[in-house]
Amino acid sequence: MHSLRAQIRRRLHLLFSNSPPLTTKTRYFSSIPQLQSEPSPPSQNDDVETAFRIITTSPNPQSLKHSLRTSQIPLSNALIDRVLKRVRFSHSNPLSALEFYKFTSQTREFFHTPFSLDTMLYILGRSRKFEQTWELLSETKRKDQSLITPRTVQVVLARIAKVCSVKQTVESFKKFRRLVPEFDVHCYNALFRTLAQEKSMSDARNVYHSLKHEFRSNLQTFNILLSGWKSPEEAELFFNEMKNMGVEPDIVSYNCLIDVYCKGREMVKAYDVVNKMRDEGIDLDVITYTTLIGGLGLAGQPDKARDILKEMREYGCYPDTAAYNATIRNFCIAKRLNDAYNLIDEMVEKGLSPNATTYNVIFRSLFWANDLKSMWSLYLRMKGTNCLPNTQSCMFLIRLMRRQEKVDMAIELWEDMIEKGFGSLILVSDVLFDLLCVLGKLDIAERCFLQMVEKGQKPSHVSFRRIKVLMELANRNEALSNLSEKMNSFGSVNQISRSYVDELDRPVSDFVVVQKG
């Protein structure tokens, strides 16, 4: 009954308000509610930073709650969404983030957004806090079940599938029957998409055949299962099966078929599908063209792929950043970096903003060429355009700096990460501390260690042991005691996945499949 009343209040608020819930009427973390208009971007940025620092520096839940109450930060959906997003990308302590989420949930008549819930569940799942994940879902069901959506199902299952078997993933999926307001085909599609992305297409299709009697498949179901085929012949059979069941393919279906042909370097068949689409009056979209660009790159035709950018415009479909990224990748594979740089300039001229993926494609080539000078120049250009690097960008840079023992560059990168909040401090610090300890830069290592702790990030035990050995040799007992106390204050926190590091060991020629963004 309480859950029903909560949902009714929330929906009435959404129905009779032209703005998102609780943005015009803003509550504060203190117990005294106050009215405030929508904060200006600068002040909201300050509030986000303040809340984030409280989460990352509070030693215990009681301290966190007290700091939030006394901070007088205005409580709004927009603020919480941004704070949790910051926590997610900084890999901060998931349990502190959960305390923040629960504290805000307890505010009278306040309801989280689906985005906040899904982000919080992602943060917990990434650290394998599955017990807390299910507890949070149960609490959400009691307060506002409408927040639990098919997207929530996919967010949770994706984290489970990364560390659990297919069987365990399916069993977890079945738990959502009593959690999701409408357990329908969209939830099943979330399961199939998860298995396709985190396990294999074969697993997704096998589970589909075992569950298909429980629901009625729709076009999206077939599009999910159609993607990712490695064999063009098998893809064709499944495509025909879909049509035989009376499900007419759409542009997504055709794009999946084109994708499998491009990956198989069967460009003639890919263009046959393109012609068929045009005959049926289906306009090619930017994904179609981007897929063709990737296929031509695989076929060793980067110049022809670049011509597609012009062809797109002639058909009224304008290239986006992903299309340019795919074209740039082709020239990097062909070791024609000047052409890649020229395309970045062209992007800017066309009003597009290169993103971290754009730069990472070139970073990878420079990393394998051991060209730190060019990589550093590209990083400075990246900073100059206010494009924040991601963790992969940082790892390319720090690993090459470690190889060439460039401490000054490494420290500048680290200070940028500390100041601007990009990249994973945990992964980068492992390489940085290795460099500093090998060169005996103990004072710098200690300073970086403390900066990291101040940001609420726990250094790895490997890094701590490296610094500890040097401090013992230098008889820095007081400093060592301080660092040991800092490490112990974190308790047991799961370290994040090292998939970024593993991916760096792959040459650029391995990355010929089109990656969006």
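**Reading a helix and its surroundings**

A: We may begin with a helix in this predicted model. In α26, the buried residues are Ser463, Phe464, Ile467 and Met471.

Q: Where do the buried residues of α26 fall when one looks down its axis?

A: The general idea comes first. An α-helix has 3.6 residues a turn, so residues three or four places apart point the same way. In this case, the buried residues of α26 line one face of the helix, because they fall within an arc of 95° seen down the axis.

Q: What covers the buried residues of α26?

A: The cover includes α24 (425–438), α25 (442–454) and α27 (477–489).

Q: How many residues does helix α26 have, and what span does it reach?

A: Helix α26 runs over residues 461–473 and has 13 residues. From its first C-alpha to its last it reaches 18 Å, close to the 18 Å expected at 1.5 Å a residue. Just after α26, Asn475 adopts a positive phi of about 60°.

Q: Is Thr140 buried or exposed?

A: A residue counts as buried when its relative accessible area is under 20%. Thr140 has a value of 7%, and is therefore buried. Thr140 belongs to helix α7, which spans residues 130–144. Leaving aside residues up to four places away in sequence, Thr140 touches Leu117, Gln145, Leu147 and Ile148.

Q: How many disulfides does the structure hold?

A: The structure holds zero disulfides. Cys332 counts as buried at 2% relative accessibility, and Cys387 counts as buried at 11%.

Methods. Residues are numbered from 1 along each chain as its sequence is written. This is a predicted model: local features need pLDDT of at least 70, side-chain atom pairs count only at pLDDT 80 or more; totals for chains, interfaces and linings use all residues. Side-chain values use heavy atoms; hydrogens and water are left out. Helices (H or I, at least four residues) and strands (E, at least two) are DSSP runs, numbered from the N terminus. Buried means under 20% relative accessible area, exposed over 50%, partly exposed in between (1.4 Å probe, protein chains only). Contact means heavy atoms within 4.5 Å. The expected span of a helix is 1.5 Å times one less than its number of residues. The arc is that of the directions from the helix axis to the C-beta atoms. A disulfide is a pair of cysteine sulfur atoms within 2.5 Å.
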